[in-house]
Amino acid sequence: MAPLVLTAPQNMLARTAGELVSKHGGVDRQRRLRDEGADLGYSPEVWAEMADLGWLGIPFAEEHGGLGMGMAETVLITEAMGRGLAPEPFVSAVVFGGGLLADAGNAEQRAAWLPRLIDGEKRLAPALLEAGSRYGLDKVETGAQANGDGWSLSGEKVQVVGGVGADGFVIGARTEGGADGLTLFLVPAAADGLKVVAQQRVDSRNSAIVRLDGVHVATGAVLGDVGGGLEPLGRAVDRATVAVCGEMLGVMTEAFERTIEYLKSRSQFGVLIGTFQALKHRAAKMFIEIELSRSTVMAAARALDENSDDAELQVSNAKARCSDALILVTNEALQMHGGIGMTDEHDIGLFMKRARALEFAFGDAAFHRQRFARLRGF
Amino acid sequence: MSDLSVFREEARAWVEGNAPEFLRGKAADPNAWAAGGRKAPFVYPESRDWLLAAADRGFSVPTWPEEYGGAGLSRDEAAVLHEEIGRLALPLPLTGFGYSMIGPTLLDHGTEGQKAEHLPKIARGEIRWCQGYSEPNAGSDLASLATSAVRDGDFYVINGQKIWTSGADQADWIFMLVRTNPDVKKQRGITFILVDMASPGVEVRPIRLISGASPFCETFFHDVRTPVHQVIGEVNGGWTVAKALLGHERTSIGGMGRGGARTSLPDLARDYVGVDELGRIDDPTIRERVTQCEMDAMSYGLTIRRHGDGLEAGHKPGPESSMFKYYGTELNMRREELMLSIRGPQALGWEGEGFEPAELTQTRNWLRSRANSIEGGTSEIQLNIIAKRVLGLPD
């Protein structure tokens, strides 16, 4: 495995990403967007700037106009976004949606979409989750009926991240029962019978219900093979999971540092509360959990980039660790801030809300421990 | 082919050619591990052959410079060597405090003369070392130690008592902390000094522990004389040396949280708990605990590795050893507790019939492991160090 340290160009990328997020207002921007209540939930001008920097093309091959970088770089972007709670749909649109298209799409589909995704002109949203899916990728009831020269799709997808304002969706639908019956479709947002309804989540991000009522698509809309959706989906989910882990690292690090600063500035009983051993020890334990989390994220990103045999194990190890650490840190952050942390005016609550969305993205800690055990055969 | 894979071939050939057949597969047998010394017998004569063969090649202390008996290997090369040794489930050729603690400390803080006097004897396993830090009234508050050393011509005269001196009854020399100035802030009056355990006035009494074993001793000093040139670092500057050495100790104790050539938890659980129709450990709670333990060990191993990669890339070492000591020991203790749960009533044996040898060892190991979070600075002290030195929280 490549060394678990950042190279000079990676350090530069991390710094640039951090600067971009702060330049646009950091956490204040997330708060403002939430208060404005627009369904889009992010800033188109920041998205455009990310495109200008080439970041929307980070995971894509240079032949498609991408930067051809790996997960090791991708997690640096998502970590910076996590630190400033930047709400742009980078993971869903680029890593997950774009990644699926680049992996499973044919030459024609890639040519039609990738260059526009990379320059920010178009945006994809994967629409896979259903109300009963929980974390099962094959728990899909949306159906696809063969219909003349194509397919007819009906069903309802929920919590489609980045769904509001998306130009197209990757939709998982059943062409048959069983694991071999899942097929991926590339569906334009403007298709007849497709309806997007904004959802309000606790983290105030762009999220939508996508209703499909007999949406007709041509055979050319199938992404990959009919009935062969599960495999590329699994690969894309692993990459998206690690990108999410990068964001989790950013959220936990920032919430932790803000809490340490608070312990150094808040006085009670005539002394700084950071002098209390009851708080010091908990802070030290959080520090260790964050350090361990960082190691697992770097390792999982490198394992995916290097196509290691243990890549899936590393991904589940990272997601389980980051989920537990993030919940510990954000809950403790609020407790250590005391009453002020319960107010909407204080930012620490925003970190806690985002933490839960990240925890449940692509499987929580318990799910990934089960997967780890299954992969290891015990 | 990279330099490292060239070295791997060389290391593999050397291990194949020099490791005694008898020791292969014996990594888990504590009797196979040798710390050397004048009075400590080797349980297996093959351990002595293995140590001497390694010493001839510099592989008993692979990263030390050749002039002091090492092979001058890089950290990566040494890791490869240890992997090759582990591949045949062999013990390392040399273990003990000389190898893991006083040796590295002398390399950093010793004079040329001190290095030349002590290091080659450690490398060849001729001298075994013990550590004289804790005292009956100086445990977690180590800097309050009272054992005194008073200058008398070319000697220091030492009086006092040390406790928890691991293996003092087997050791030839001791590295210890003594008070050379009682009139200043407690950390500023401490000196780090080396003493021959054969000196007149040294008395050792083993302490029997809850595990039934006596790895620790009380060590008494009555007018013990040691030459002034055995002071390491500055007189009254011993606290700095002591902290550096504690860093090596924490890394060494913390190292036990990593997987390695030990009992496989999943195998043990399958064995004792059984498996369901899908081949899974047939108790969801045990299965969950095994999984958590395996994932923690993996994450911990990755963190040690990231830290090492950072040092290799030129990052400055910080107070990370406290993190490794804390997490490694807590993890090891959790692992011992889990193995106890897995074996259930069969983990209750003390000696005699009705229990497998591995079960009897398990009981003793579990009891021994309870000291992990106490020795080398308690877990609470490690958390204090992290809070102060890493997080900058106020006193």
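In α5(B), five residues are named as buried: B:H118, B:L119, B:K121, B:I122 and B:A123. The model shown here is predicted.

**The helix.** α5(B) covers residues 112-123. Its 12 residues reach 16 Å from first C-alpha to last, close to the 16 Å expected at 1.5 Å a residue. What do the buried residues of α5(B) pack against? They pack against α2 (45-57) and α4 (97-109) of chain B. After α5(B) comes B:G125, with a positive phi near 70°.

**The contact between chains.** Chain A supplies 30 residues and chain B supplies 32 residues. On the side of chain A that touches chain B, the elements giving two or more residues are α7 (230-265), α8 (277-305), α9 (311-337) and α11 (365-376). α8(A) gives the most, with 13 residues. The residues on this side of chain A divide by type as follows.

| Type | Residues on the side of chain A that touches chain B |
|---|---|
| Nonpolar | 17 residues |
| Polar | six residues |

**The cores.** The largest nonpolar core has 144 residues. Those with the most contacts inside it are A:F185, A:V242, A:C245, A:M252, A:V297 and A:A300. α7(A) gives the most to this core, with 17 residues. Which residues does A:F185 contact, leaving aside neighbours within four places in sequence? They are A:A144, A:W151, A:L153, A:I171, A:A173, A:V217, A:A221, A:V222 and A:L223. Another core, of 66 residues, lies apart from the largest one. Among its residues are B:L177, B:L194, B:V231 and B:L245.

Methods
Residues numbered from 1 in each chain as written. Chains lettered and ligands numbered in written order. Predicted model: local features only at pLDDT ≥ 70, side-chain atom pairs only at ≥ 80, totals over all residues. Helix = DSSP H or I, 4+ residues; strand = E, 2+ residues; numbered from the N terminus. Expected span 1.5 Å × (residues − 1). Buried ≥ 20, exposed ≤ 12 C-beta atoms within 10 Å, placed from the backbone. Contact = placed C-beta atoms within 7 Å. Nonpolar A, V, L, I, M, F, W, Y, C, P; charged D, E, K, R; others polar. Core = buried A, V, L, I, M, F, W, Y, C linked by C-beta atoms within 7 Å.
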